[in-house]
Amino acid sequence: LFYLIDPTEQLNDLYGLTRKQAQLIIFLLDGNGINVSAEKLHISVHTVRSHLRSIYKKLGVDNKTEMLRVISTTNVIYSKSH
């Protein structure tokens, strides 16, 4: 049997991310920029940048490119939002 787990839960389990942090990563993986991601999450761009700093610390990376590389090499299952 195969169970599809919510990707935000997977990111939480793997990296200790909050739900908003995990949602932000999913939006960024889908190719959305910071402004669009902020709009979709109903938060300010400043809050997005704050989340990113926290995510970088949790993942041990220094920038968005490294973060996306680390996340894309894990076994997180997600489907692109349309």
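**Contacts along the chain.** I began with contacts, meaning heavy atoms within 4.5 Å. Among contacts in the protein between residues at least 6 apart in sequence, 55% join residues at least 24 apart.

**What I am looking at.** This is a predicted model, where local features need pLDDT of at least 70 and side-chain atom pairs count only at pLDDT 80 or more, while totals for chains, interfaces and linings use all residues. Residues are numbered from 1 along each chain as its sequence is written, and side-chain values use heavy atoms, with hydrogens and water left out.

**Elements.** I looked up the helices and strands, which are DSSP runs numbered from the N terminus (helices are H or I, at least four residues; strands are E, at least two). The protein has 5 helices and 0 strands, and from the N terminus on the order reads α-α-α-α-α.

I call a residue buried under 20% relative accessible area, exposed over 50%, and partly exposed in between. Of the 82 residues, 34% count as buried.

**Helix α2.** Which residues of α2 are buried? In this helix, residues 19-29, I noted Gln-21, Ala-22, Leu-24, Ile-25, Ile-26, Phe-27 and Leu-28. They pack against α1 (7-15), α3 (34-41), α4 (45-59) and α5 (64-72). Just after α2, Gly-31 takes a positive phi of about 95°.

**α2 against α5.** I fitted the axes as lines through C-alpha atoms, for helices over the stretch in contact, with angles from 0 to 180 degrees between N-to-C directions. The axes of α2 and α5 come within 11 Å and cross at roughly 95°. That makes α2 roughly perpendicular to α5; the range for this word is 65 to 115 degrees, with under 35 roughly parallel, over 145 roughly antiparallel and the rest oblique. Ile-25, Leu-28 and Leu-29 of α2 make the contact with Lys-64, Met-67, Leu-68 and Ile-71 of α5. The residues of this contact divide into 6 nonpolar, no polar and 1 charged. Here Ala, Val, Leu, Ile, Met, Phe, Trp, Tyr, Cys and Pro count as nonpolar, Asp, Glu, Lys and Arg as charged, and the others, Gly among them, as polar.

**Lys-64.** This residue sits in α5 and is partly exposed, with a relative accessible area of 31%. Not counting residues up to four places away in sequence, Lys-64 touches Leu-28 and Tyr-56. Its C-alpha atom is separated by 7.8 Å from that of Leu-52, 12 residues apart along the chain.

**The core.** A nonpolar core is a set of buried Ala, Val, Leu, Ile, Met, Phe, Trp, Tyr and Cys residues joined through side-chain atoms within 4.5 Å. Of the 19 residues in the largest one, Leu-11, Leu-24, Ile-25, Leu-52, Ile-55, Leu-59 and Met-67 touch the most other members. α2, α3, α4 and α5 each supply at least two residues, and α2 gives the most, with 6 residues. Leaving aside neighbours within four places in sequence, Met-67 is in contact with Ile-25, Leu-28, Leu-52, Ile-55, Tyr-56, Leu-59 and Val-61.

His-42 lies in the loop between α3 and α4 and, at 73% relative accessibility, counts as exposed. His-42 has a positive phi of about 60° although it is not a glycine. Most residues other than glycine have a negative phi.

Conventions. Buried means under 20% relative accessible area, exposed over 50%, partly exposed in between (1.4 Å probe, protein chains only).
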